[in-house]
Amino acid sequence: MTARERYVRELERRLPFALGLRRRALAEIREHLREGGDEALARFGPVEELADELARELRARVAVRASWLIPTLVAVFVFPFYVVPENTLPPAPWDVKPEYLAWKQQLAAGAWLVALAFAVAALVVGRVKPRLVVWPLLGSVSTLAVAVAFGSIVAVQWLDAVPGSSAALAYAGMAASLMLLVVGALVLVEAYRSALRDCGSELAPD
Amino acid sequence: MRSEALKGHLDLMLLASLGSEPAHGYALVERLRERSGGTFDLAEGTVYPALYRLERAKLLSSRWTVAGGRRRRIYSLTRRGREALVSQRRDWVSFTVAMRGIVGA
């Protein structure tokens, strides 16, 4: 391994993941060192100093990135919650939806709408005051979790209640929803960690 | 000139360097060295946090390009960046005139 590659590896070790922003920084620096050779490496500065400065900047950008990533995820839920079932499930055999299904379905839809409202708030806060964006994001992901939980229960009960419903499709939808939710939670954790480490953050513990 | 002394002026130097034409990180460092006649001894890595900060402030925009098999991130001034450059240049001229009056060089 060359000295340049060692430098980049050490930098990578010291930088936060930052929702993929680290990869961009490393790609730029690797290309810079490739172009400038060992002379550029000698002039590049101590790796720990660069890592500190870059990490601060990357963390500041995480909030902005999270502020549109999570709203995008929430918006995508319109597919497993509405578009896919509406276009694939057989017609329901009842005139009035059974109460045990109706309230759960309404709760799931309501929770998703609240998650969407929080997501829109996050979009705005992310542009105005990025440091505070974790709060609407937290609200969005939590209410989305409620929506996914009740949506999944409805999906399972629907299979029993409506003959001809595709179990494979229902379980695939549940798996996709759960995966999206986990991604949202991971983005939230990264944004929260970045906010905590950001000096002077209103989230920082005393 | 030492790296620490230059850090306070780095934003203006980067904006001014990109004022003429867009460039990637390495080309920017080379441009700064050339224009300063080799006087500025800048730690090259420090340009990246500064570029990211300026981009976050929407003074710069950037995009990946591929040329000759090399993938580079090219930075250019935004409209807001051009306005900031004009304003910071004006401040810099006032500052140097005032300093010259005091220091007497």
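A quick word on angles before we start: helix axes here are lines fitted to C-alpha atoms over the stretch in contact, and the angle between two of them runs from 0 to 180 degrees, taken between N-to-C directions. Keep in mind, too, that this is a predicted model.

With that in hand, look at chain B. Helix α2 (residues 10–20) of chain B and helix α3 (residues 25–35) of chain B have axes that come within 10 Å and cross at roughly 100°. Angles of 65 to 115 degrees count as roughly perpendicular, so that is how α2(B) and α3(B) sit relative to each other. On the α2(B) side, the contact is made by B:Met13, B:Leu14 and B:Ser17, while α3(B) brings B:Leu28, B:Arg31 and B:Leu32. Sort those residues by class and you get four nonpolar, one polar and one charged.

Now over to chain A and its helix α7, which covers residues 167–197. It has 31 residues and spans 45 Å from first C-alpha to last, close to the 45 Å expected at 1.5 Å a residue. Several of its residues are buried, among them A:Gly173, A:Ser177, A:Val187, A:Glu190 and A:Ala191. What covers them? The cover for the buried residues of α7(A) includes α3, α4 (78–88) and α6 (134–161) of chain A.

A:Ala191 turns up again in the largest nonpolar core, which has 63 residues: along with A:Ala66 and A:Ile70, A:Ala191 touches the most other members. The largest share of this core, 11 residues, comes from α3(A). Leaving out residues up to four places away in sequence, A:Ala66 touches A:Leu19, A:Val133, A:Leu137, A:Val187, A:Leu188 and A:Ala191.

Chain A puts 17 residues into the contact and chain B puts in 15. On chain A's side, the elements giving two or more residues are α2 (21–43) and α3 (47–76), with α2(A) giving the most, nine residues. By class, chain A's side divides into seven nonpolar, three polar and seven charged.

Is B:Tyr48 buried or exposed? The cut-off for buried is 20 or more other C-beta atoms within 10 Å, and B:Tyr48 has 21, so it's buried. Beyond residues up to four places away in sequence, B:Tyr48 touches A:Ala25, A:Glu28, A:Ile29 and A:Leu54 from chain A, plus B:Gly25.

Technical notes. Residues are numbered from 1 along each chain as its sequence is written. Chains are lettered from A and ligands numbered from 1 in the order in which they are written. This is a predicted model: local features need pLDDT of at least 70, side-chain atom pairs count only at pLDDT 80 or more; totals for chains, interfaces and linings use all residues. Two residues are in contact if their C-beta atoms, placed from the backbone, lie within 7 Å. Helices (H or I, at least four residues) and strands (E, at least two) are DSSP runs, numbered from the N terminus. Ala, Val, Leu, Ile, Met, Phe, Trp, Tyr, Cys and Pro count as nonpolar, Asp, Glu, Lys and Arg as charged, and the others, Gly among them, as polar. The expected span of a helix is 1.5 Å times one less than its number of residues. A residue is buried if 20 or more other C-beta atoms lie within 10 Å of its own, exposed if 12 or fewer, and partly exposed in between; C-beta atoms are placed from the backbone. Angles under 35 degrees count as roughly parallel, over 145 as roughly antiparallel, 65 to 115 as roughly perpendicular and the rest as oblique. A nonpolar core is a set of buried Ala, Val, Leu, Ile, Met, Phe, Trp, Tyr and Cys residues joined through C-beta atoms within 7 Å.
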